Amino acid sequence: MLQEFRVDNYKSLINVIFKPHELNLLIGLNNSGKTNLCQALLFVMNSTSFSLDQCADRIAGLRTGITNYFFDKSTIDFHIRASVPYEEEDLIFEYDLTILSSPTTPILNATLQVESEKLVVTGKDFDGTILLGNIRGKVRLLHEEEYLKGNDSYVETTAPRDTTMLNRLYDFETNARANHFRHYLSSWQYYDLSHSALRSSGYNPTNTVFNSTLFPDGSNLAAVIYHLKTRNERSYRSFLKYIQKFDPSIDLINFSHLTNDVFIMFFKDTEGHSLPAINAS
């Protein structure tokens, strides 16, 4: 579970500390930073799979607009503290990431770089042990198996600064816990659901692009439900029971193919009336 998230100099966020509970409600005026906080969380999550420039382009909009306009600082700082189950025991991970930005660089030439990065773990044979250290591309990785044998064995290497070292981990045996934290971080999700997207027609879910994961805007909702109905009936029935709490008249969800690639979703009530999703509330 995420225990603390700290971000400094990301858009409007200056030294903001977020300590979430199991259920959280963000309330504030327009432009007070609610979306920016969600974006900052999403930025770090995406850094486990994409380059920093790609993260900025996908989430922040512009690489040169990622820092606070009025704050004279060229770096963005992220800090994460999380309790993550590992082999039937919770480990405490602390991850620090500092990114160097160049606000004065022309947009077309702008790029983000890793200034520093550190992953520390505590719990079950580990006590504030550094699993990963990265200073401007000079990297130290702990050989976890050797460490458990009593040997403080670090591997030193270099890495391009356009991507976090956490993203580049691949050896699951020697870096098992570091990889475990990476998978935890990459599992974060953020949804900005669109009413029109949720009502839209779905593409053929036989396409490998579609699976049971909902897109952030909800545009593949029809494909996700179709996937549940045809490949995971138990989950589909659970889903149907859930929406029946909001509208007890809904009896089932059906699909009609418009072409080989596109189909529409519609609801049927207990009297057999059909309502296309595009017209549903």
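How are glutamate 233 and arginine 237 separated in helix H8? They sit four residues apart in that helix (residues 233-244), which puts about one helical turn between them. Welcome to a short tour of this predicted model, in which local features need pLDDT of at least 70, side-chain atom pairs count only at pLDDT 80 or more, and totals for chains, interfaces and linings use all residues. Residues are numbered from 1 along each chain as its sequence is written, and side-chain values use heavy atoms, with hydrogens and water left out.

**Overall architecture**

- The protein has eight helices and 12 strands; these are DSSP runs numbered from the N terminus, with helices being H or I of at least four residues and strands E of at least two.
- Along the principal axes, the C-alpha atoms fill a box of roughly 70 × 50 × 35 Å.
- Of the contacts (heavy atoms within 4.5 Å) between residues at least 6 apart in sequence, 48% join residues at least 24 apart.

**Surface and burial**

- Of the 281 residues, 42% are buried; buried means under 20% relative accessible area, exposed over 50%, and partly exposed in between, using a 1.4 Å probe and protein chains only.

**Charges**

- There are 26 positive and 33 negative side chains, and the centres of the two sets lie 3 Å apart.
- Lys and Arg count as positive and Asp and Glu as negative, while His and the chain ends are not counted; each charge is placed at NZ of Lys, CZ of Arg, CG of Asp or CD of Glu.

**Salt bridges**

- The structure holds 12 salt bridges, each a side-chain nitrogen of Lys or Arg within 4 Å of a carboxyl oxygen of Asp or Glu.
- One of them joins glutamate 144 and arginine 177, at 2.9 Å from N to O. Glutamate 144 lies in helix H3 (residues 144-148) and arginine 177 in helix H5 (residues 176-186), so the pair ties together parts 33 residues apart in sequence. Glutamate 144 is buried at 1% relative accessible area, and arginine 177 is buried at 11%.
- Aspartate 162 pairs with arginine 168, with 3.3 Å between the closest N and O atoms. Both partners are partly exposed, arginine 168 at 30% and aspartate 162 at 34%.
- Back in helix H8, glutamate 233 and arginine 237 form a salt bridge whose closest N and O atoms are 2.7 Å apart. Glutamate 233 is partly exposed at 43%, whereas arginine 237 is exposed at 51%.
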